[in-house]
Amino acid sequence: MTIDTSVPPSDARQVGQHTPELLLTGEHHLCPGCGEPLALRCLLDTITDLGVTHRTIGVVGIGCYTAFTTSLDVDVVQALHGRAPSVATGVKRMRPDRVVFTLQGDGDMVNEGLQEVLHTAARGEAVTCVLLNNGVFGETGGHMTATTVLGQRTKNTLEGRDAGYHGYPILIGDLIARLDGAAYVARGSVHNAGAVARTKKMVRRALEAQEAGGFSFVEVLTMCPTGWFVPTADGPEYLHETLGEVHVMGELKVDGRVRSTEELRVENVARQREIEARLAAGGLD
Amino acid sequence: MTSIAVQSADRRLMEGSEAIALAAIAAGCRFFAGYPMTPFTEVLEHFARYLPDVGGTCINAESELEAVGMAWGALATGARAATGSTGQGLSLMQESFAEITLAELPLVIFDLARGQGDYFQATRGGGHGDYRHLVLAPVDITETVELTQLAFHLADRWRNPVLVYGDYLTAHVEEAVAVTALDFGPVPDKDWALDGSATGTGASRLVSPLGLAKSGAEPVGIEAHLRAIDAKQRAITAAEPRAESGYLDDAETVVVAFGSPARFVRAVVRDLRAGGARVGYVRPITLWPFPADVVADAASGVRTVACFELCAGQMIDDVRLAVLGRAPVVGIGGISTDGSGFGVGRLLDMDTIRARILAVHEGGPDAELPPLPDNERTLW
Amino acid sequence: MSTVLSRGTVTLDVEACKGCELCITACPPRVLTMGTAANRAGFRYPLLEPGCTGCAACLFVCPDFCFEVFRFDTPVATEVPA
């Protein structure tokens with residue numbers, strides 16, 4: 001007993017936006033079940049909501065998400081792998097009244113470009129670095145990065161990342177939070193609707209922190225079922241239970257205060273319950 | 001602080017590093033990023049001192065990789081921007097140099113090299129792919145003031161990076177110069193520059209090396225894009241070679257040299273001419289595009305073409321290609337540096353150079369050259 | 001027969017769907033199920049049963065921007081087999 005979903009109803013009001021205003025088209029070649037478009041929606045909808053559209057410039061790194069440079073209705077400069085924060089610095093210094101963001105994956109930002117993002121944060125450049133963290137180099141086939149967690153299976157850690165052989169992951173959000181130059185640091189996730197809603201709020205606070213003159217950072221954990229060798233429907237659970245256990249979701253630094261992982265874990269349990277209740281009641285708005 | 005206009009309009013003694021910064025600012029450069037490295041460091045210092053006075057920005061980047069990245073971002077907004085280093089630092093920037101060329105951004109690069117062995121890096125491009133940068137090699141500080149400004153003009157005119165090749169002497173020799181703004185004519189509008197205002201209009205812009213276009217527009221594609229860059233660089237090759245030469249009409253020996261050492265060579269050749277020796281010289285001002293026609297003409301009817309360069313021999317390849325067998329080409333320079341390896345060595349000396357030119361002028365292309373002078377000490 | 005109230009409904013862009021099934025898990029009232037038919041690209045796509053609350057969780061989690069979500073002014077009642 002199914003309902004016709006091909007035509008919109010007549011006596012109803014629309015909720016939310018089909019495709020973000022700042023995407024020229026919703027079509028893309030990213031894999032089924034990829035979390036990156038969800039993170040991108042959080043960013044683009046927030047730019048629209050804040051009314052900063054006509055003064056936003058993006059700096060995009062190299063990864064699967066690079067494909068969006070042609071569909072983003074945003075003034076964009078393409079940077080090399082790892083190099084977006086320095087390019088963003090140059091853009092912002094020449095155009096200090098613009099909103100400047102970087103869009104980078106974990107291979108890009110935490111492997112190739114670790115130095116760039118740390119120094120950009122330490123200098124307190126008024127830009128917002130957005131990290132799409134799926135714990136693998138997605139575009140080149142799913143190999144280990146600096147954020148891959150112990151036990152996580154990737155193309156070159158098929159038995160799971162081993163501390164003795166492969167070393168330990170870098171928790172980049174936590175590292176940046178401890179730099180005095182970083183004004184707002186948060187880690188979101190897109191493993192379910194509630195997480196997406198929380199992430200969108202983090203992006204908003206990050207852009208507001210930039211407008212107030214500080215460096216802000218939003219890490220978003222995203223699914224990569226292709227890189228993880230899991231069925232698409234299992235991606236969110238795998239994300240939450242592997243990456244999400246180590247790179248803990250939450251606002252890592254707010255108003256100058258670094259928050260502990262324990263504090264975040266407690267908060268996450270409470271927030272998830274609250275969100276489930278609201279969804280059951282009919283919506284997150 | 002004295003206004004920069006007063007500082008630069010007065011004719012006064014200044015080192016080349018300072019002249020570079022002031023000339024760049026006169027040309028409208030408002031962004032510089034660099035990382036300290038000898039003998040380039042003072043260029044960074046002078047930009048740091050003067051740029052804020054004109055509302056510009058100078059950043060001490062965390063490494064050369066970030067310095068060129070920051071300049072990339074500044075360029076994308078349509079600003080005149082530069083970076084620089086010595087050859088070792090430019091080595092780190094090569095990937096970005098290649099991609100900035102493909103993104104058709106007008107980067108100006110200052111190479112204060114440790115000698116003349118960065119010629120290949122500058123002219124062949126140390127990065128990947130079929131790209132070239134215009135390379136300008138000033139002979140003295142006065143010409144540095146002119147070529148620095150010309151660099152920004154050519155970079156904008158062609159939407160291609162331009163490298164200014166100097167060395168320890170360029171950086172540290174002081175000459176009396178007045179830095180005044182030079183007008184080289186109009187350059188195209190930067191309608192590709194990003195300022196965020198096109199975001200959300202359906203006509204937003206993309207600055208990219210990849211030949212992509214926003215969805216809805218026809219992408220050029222990477223192959224067509226690379227070919228278009230190649231076509232542009234051929235046009236530059238036809239339009240922009242520059243050289244200075246002298247005493248060529250009846251020369252039996254022609255000496256080719258560039259940059260600071262060419263100043264010595266030119267003075268020696270002038271002396272030799274005064275003494276009746278039929279020696280001439282060609283001084284390439286653009287190392288790329290190399291003034292091949294001038295060198296080829298100079299080599300016609302000549303007994304020996306002698307290349308003087310402070311390195312194992314790099315420009316000599318271009319000289320040989322230009323001469324194409326019209327005359328024998330020999331190298332009369334060599335590796336010569338000071339104890340630190342940053343500066344210039346004992347080869348850069350009028351008497352030493354005169355002896356080497358006379359050896360081939362009197363003995364022909366196969367003449368034995370005097371042994372290279374050595375350093376007396378090392379710093380390390 | 002029993003009555004199911006739908007407070008909302010959705011439209012689905014069938015041809016954009018890549019069959020990832022994230023919406024199936026995300027839907028709190030569990031009114032999305034994968035059908036057996038395939039779109040032009042060969043992906044199966046979800047079908048909607050009565051009981052949608054218009055919460056938009058599906059819209060939030062769809063990587064291919066397939067959904068539009070609507071809330072009825074008055075909930076719609078549907079008779080379904082018990």
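**View 1. The two domains of chain B, whose C-alpha centres lie 26 Å apart.** The model is predicted, and local features are described only at pLDDT of at least 70, side-chain atom pairs only at pLDDT 80 or more, while totals for chains, interfaces and linings use all residues. Residues are numbered from 1 along each chain as its sequence is written, with chains lettered from A and ligands numbered from 1 in the order in which they are written. Domain 1 of chain B spans 4-177 and domain 2 spans 243-363, bounds that come from an automatic or database domain assignment. Contact joins 23 residues of domain 1 of chain B to 23 residues of domain 2 of chain B, two residues being in contact if their C-beta atoms, placed from the backbone, lie within 7 Å. On the domain 1 side, α7 (119-125), β6 (134-136), β7 (162-167) and α9 (168-172) of chain B each give two or more residues, and α7(B) gives the most, with four residues. Helices (H or I, at least four residues) and strands (E, at least two) are DSSP runs, numbered from the N terminus.

**View 2. The open sheet of nine strands, with mixed pairing.** The strand order is β11(A)-β10(A)-β8(A)-β9(A)-β5(A)-β4(A)-β2(A)-β3(A)-β9(B), where two strands pair if DSSP finds at least two bridges between them. At the edges stand β11 (257-258) of chain A and β9 (206-207) of chain B, each with a single partner strand, so one side of each is left without a neighbour in the sheet. Helix α1 (residues 36-50) of chain A packs on the sheet, touching β2 (56-60), β4 (99-105), β5 (128-133) and β9 of chain A, and its direction makes about 160° with that of β5(A); axes are lines fitted to C-alpha atoms, for helices over the stretch in contact, and angles run from 0 to 180 degrees between N-to-C directions. Within the sheet, β8 (residues 182-189) and β9 (residues 215-221) of chain A pair in the parallel sense over seven bridges, and Arg187(A) stands opposite Glu219(A) in β9(A).

**View 3. The contact between chain B and chain A.** Here 38 residues of chain B are in contact with 34 residues of chain A. The elements of chain B that give two or more residues to this side are α4 (64-76), α6 (94-102) and β9, and α4(B) gives the most, with eight residues.

**View 4. The hairpin of β2(C) and β3(C).** Strands β2 (residues 32-38) and β3 (residues 44-48) of chain C run antiparallel and are joined by four bridges, with Leu32(C) standing opposite Leu48(C) in β3(C). Five residues lie between the two strands, and Gly42(C) in the turn has a positive phi of about 95°. Leu32(C) is also among the residues that Cys58(C) touches, not counting residues up to four places away in sequence.

View 5. Most residues other than glycine have a negative phi, and most peptide bonds are trans.
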